[in-house]
Amino acid sequence: MRQLIDAFGGPAARVKERLVGEPAYRSRRLQFSSGGEIIMHDDVTVAVVLHATPTEFAPYGFDLPPWVPGLDKCATLTDLKAAIGAPRALGGMGFVLDGAYAEPSFKNNRGWNDPGNLLSLSITVEAPQRACRPEDDDCPTCSDLLVRGAGPGGGVVVDRTIAALSSAAAAGLITESPRWVPLADLQTLHASHLMERVESQLSCTACKRIICLTLYRASPPTLEYTVFNEARQRPLEAIPPVEQWGDGLRTAQDRDSMHYVDHQPGSWFLVEQLGSLFLEARYWRNSMVDSSALIRLDQAETDSYRTGGHGYLSDLVGRIDKSSPHTKESPYFQRDLYRGPDSAMLSKSFAAAIVNHTWIAEQRRRT
Ligand SMILES: [Zn+2]
């Protein structure tokens, strides 16, 4: 560490410190006017970043050539491959270096084939796809949404944190996942004691971290930042029916929303809303790419479903798939509600209706 600080021309020009999540860890960033940066979590070094371009604390950017011969500020991904000469890491654009990882970042997350776009090179202990980037500890969009208690233990102030998350979501800065407990239901469900743990998940539009706010029946609430793959594998029991925990208003709201009816794993889901049936049919655009269409069953189809049941729907989905519903020639092209103006709202209501029945939901109940 001392050698690294000396090599960066230390001492640090700026030190930034903050608590991240709850239970919290202390993130400490030592930033050097040479363009080097060291990031520590609770006094353990987790990342070393070489900023190739000027930053607030380094007017000229890091002088790469003496450190990595063959690299300079104009390096493209091809130059990086040649200069670093290490195996590529799975996913992302990085390299495996002595059991750690070197991940370049480029302007606007693209432009790696053109000179002049290299922003930085991060050396991290954890694989970039498996853990949040330490640089995102300070994400200006999502790092200040947790409201901590004033006492020595701190902890999450649940109602104020939910208010902060809700207003960030309303402003479009973070996105609530319909595949978890809605933020608006989190406290009511927790108070009902029907679930061991209730969790809402929201993703940051800027840094892509997933914020997981969790209330437990028997322990203090937590707020953790995770990556997509880790977030989707977190445990969640089936969410009980609204009548068991919602107040009058919430129950009335639920009467008007979509409800799960039936599904065929990997192929279709059927939901009902105010007497109408909606079928989400999976189809294949080609042998590699699949997609889904949302069709409101007409009277004849509804009658056939009443008599033919599950088997009739599987046949219907087969016909929808064969007709290539992504092409105008298909009779289902016009009927696909996911092509219409309400598509975003519909897919959100639909995801909420099937929240307990997806493959992922079955997996997370097992963990
Ligand atoms: Zn963020």
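Which residues coordinate the zinc ion? Select Cys139, Cys142, Cys204 and Cys207: their SG atoms coordinate the zinc ion at 2.3 Å. Donors here are N, O and S atoms within 2.8 Å of the metal (3.2 Å for Na, K and Ca), and water is not among the atoms, so sites may look incomplete.

Before the tour continues, some conventions are needed. This is a predicted model, in which local features need pLDDT of at least 70 and side-chain atom pairs count only at pLDDT 80 or more, while totals for chains, interfaces and linings use all residues. Residues are numbered from 1 along each chain as its sequence is written, and side-chain values use heavy atoms, with hydrogens and water left out.

**Stop 1: the whole chain**

Display the whole protein chain. Its C-alpha atoms fill a box of roughly 80 × 55 × 35 Å along the principal axes. The chain holds nine helices and 15 strands; these are DSSP runs, helices being H or I with at least four residues and strands E with at least two, numbered from the N terminus. Of the 367 residues, 44% are buried. Buried means under 20% relative accessible area, exposed over 50%, and partly exposed in between (1.4 Å probe, protein chains only).

Next, colour the chain by domain: domain 1 covers 2–136, domain 2 covers 139–253 and domain 3 covers 256–366. Such bounds come from an automatic or database domain assignment. The C-alpha centres of domain 1 and domain 3 lie 45 Å apart.

**Stop 2: the zinc site**

Return to the zinc ion and examine the angles among its four donor atoms. They run from 103 to 115°, and the site is tetrahedral. Four donors count as tetrahedral if all angles lie between 85 and 135 degrees; four count as square planar and six as octahedral if opposite donors are over 155 degrees apart and all others between 65 and 115, and anything else is irregular. For reference, the ideal angle for four tetrahedral donors is 109.5 degrees.

Along the sequence, the donor residues follow the spacing C-x2-C-x61-C-x2-C.

**Stop 3: the largest pocket**

Select Ser105, Arg133, Glu135, Asp136 and Cys207, which lie nearest the centre of the largest pocket among its 41 lining residues. A pocket is found on a 1 Å grid over the protein atoms alone, as an open set of points with protein on both sides within 12 Å along at least five of seven lines; a cavity is instead a set of points where a 1.4 Å probe fits but cannot get out, and lining residues have an atom within 4 Å of a point.

Where does the largest pocket lie? Domain 1 and domain 2 both give residues to its lining, so the pocket lies between them. It holds about 1200 Å³ of space, a volume being the space filled by probe spheres set on grid points that are joined across faces, edges and corners.

Now highlight strand E6 (100–106), one of the elements that supply at least two residues of the lining. E6 gives the largest share, four residues. The lining has 16 nonpolar, 13 polar and twelve charged residues. Ala, Val, Leu, Ile, Met, Phe, Trp, Tyr, Cys and Pro count as nonpolar, Asp, Glu, Lys and Arg as charged, and the others, Gly among them, as polar.

**Stop 4: Leu189 and Pro240**

Select Leu189 in helix H4 (residues 186–191). Leu189 is buried, with a relative accessible area of 0%. Pro240 is in the loop between H5 and helix H6 (248–256), and at 13% relative accessibility Pro240 counts as buried.

**Stop 5: backbone details**

Select Gly10 and Pro11, which are joined by a cis peptide bond with omega near 5°. A cis peptide bond also joins Glu22 and Pro23, where omega is about 0°; Pro23 lies in the loop between E1 and E2.

Finally, select Asp43, in the loop between strand E3 (36–41) and E4. Asp43 has a positive phi of about 70° although it is not a glycine, and at 67% relative accessibility Asp43 counts as exposed.
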